[in-house]
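Give the cut-offs behind each term.

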Amino acid sequence: MTIKTKTKLILPVNAGVVVLTGLVTVVSAQSGPVSVDALTDQLKARAEQAVNAGQVANGKHDGEKVFTGDAAKELGELHKKASDAKSQSLARPASERAAAVAKIRAFSGNQGLNPEYASTARSSYNSKVNAEFYRVGADYFEVDTRTNEIVQFGPAPMENGETAKAYNTEAKFSPEQLEAKAREFIAKNASNADLSKLEASTGEKSGTNFFFRWTDESRDIDGTKPFVQVGFTTGGDLLSYTNSLGL
């Protein structure tokens, strides 16, 4: 459910902020549990009340407003409850998540891993597909619930006080060698990727992080062309992996 307004408002949550489209946006399942719709209605009503009461201030950018005082805290709590309820409405039974856990272990090459289930939501790359999110230490996985295939791997969201994951960036591999590693990695982990039929591109950051992408230029998913991408450091560490070709 989206509450529409002419300005963009930002909802502070704890020490950070969450940017919401329009006044505030909450995913609301039309056929989901009543609690989701009830929380959505509460959030809408409280947000409108805050606006009418003038509990907003100018944000950092033109046209942005920020909820203030008690309104900010209450809206942050309601937003989290609504998001959690939506996640629960989409979640499949724990017994059905075993295949996803097995896929993460195979991807990592470690059968002793114990991935921590985080939530279920729409995929980051297709709003019509449900995805599960798992945390393994400092790493984060997105898994397609239909196939248990890994859609994305990368650094986990950092909690307050956490230290960023360290990577080896010594100059051990050339860009050409890293591309060869990326192709080998995709051949092992993305059986649906025929690189000969995809458009290749390369990106780099700080001269130590290289990203190799192959894009399907023939179609779009939610306004973005599907792709497979692998990122490596010059030291050979895997930075990230994304495969939206099957979505």
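The report below goes from the sheet to the cores and then to single residues.

## Basis

The model is predicted, so local features need pLDDT of at least 70 and side-chain atom pairs count only at pLDDT 80 or more, while totals for chains, interfaces and linings use all residues. Residues are numbered from 1 along each chain as its sequence is written, and side-chain values use heavy atoms, with hydrogens and water left out.

Helices (H or I, at least four residues) and strands (E, at least two) are DSSP runs, numbered from the N terminus.

Eight strands form an open sheet in the order 7-8-9-10-14-13-12-11, with antiparallel pairing; two strands pair if DSSP finds at least two bridges between them. Strand 7 (116-122) and strand 11 are the edge strands, each pairing on one side only. On average, neighbouring strands of this sheet are turned by 15° against each other, direction ignored. Such angles are taken between axes, which are lines fitted to C-alpha atoms (for helices over the stretch in contact), and run from 0 to 180 degrees between N-to-C directions.

Helix 4 packs on the sheet and touches strand 12, strand 13 and strand 14, where contact means heavy atoms within 4.5 Å. The direction of helix 4 makes about 50° with that of strand 12.

Buried means under 20% relative accessible area, exposed over 50%, and partly exposed in between (1.4 Å probe, protein chains only). Phe 227, Gln 229, Gly 231 and Thr 233 point one way from strand 13, and Val 228, Val 230 and Phe 232 point the other way.

Strand 12 and strand 13 pair in the antiparallel sense over seven bridges, with Phe 211 opposite Gly 231. Strand 13 and strand 14 pair over five bridges, also in the antiparallel sense, and here Val 230 stands opposite Tyr 241. These two strands form a hairpin with four residues between them, and Gly 236 in the turn has a positive phi of about 95°. Strand 14 also pairs with strand 10, antiparallel, over two bridges; Phe 153 stands opposite Tyr 241.

## Nonpolar cores

In soluble globular proteins, nonpolar side chains tend to be buried together. A nonpolar core is a set of buried Ala, Val, Leu, Ile, Met, Phe, Trp, Tyr and Cys residues joined through side-chain atoms within 4.5 Å. The largest such core has 28 residues, of which Phe 107, Phe 141, Ile 186, Trp 214, Val 228, Val 230 and Tyr 241 touch the most other members. Elements that each supply at least two residues of this core include helix 3 (98-108), helix 4 (175-189), strand 9 and strand 12 (209-215). Apart from it lies another core, of eight residues, among them Ala 50, Phe 67, Ala 72 and Leu 75.

Leaving aside neighbours within four places in sequence, Phe 141 is in contact with residues including Ile 104, Phe 107, Tyr 134, Ile 150 and Phe 153.

## Single residues

Asp 139 is in strand 9 (residues 139-144) and counts as buried at 15% relative accessibility. Its side chain makes a polar contact of 2.6 Å with the side chain of Lys 165. A polar contact is a pair of N or O atoms within 3.5 Å; within protein, one must be able to donate a hydrogen and the other to accept it, and residues adjacent in sequence count only if both atoms are side-chain atoms.

Asn 148, in the loop between strand 9 and strand 10, has a positive phi of about 65° although it is not a glycine; Asn 148 is buried, at 14%. Ser 206, in the loop between strand 11 (199-205) and strand 12, has a positive phi of about 60° and is exposed, at 65% relative accessibility.
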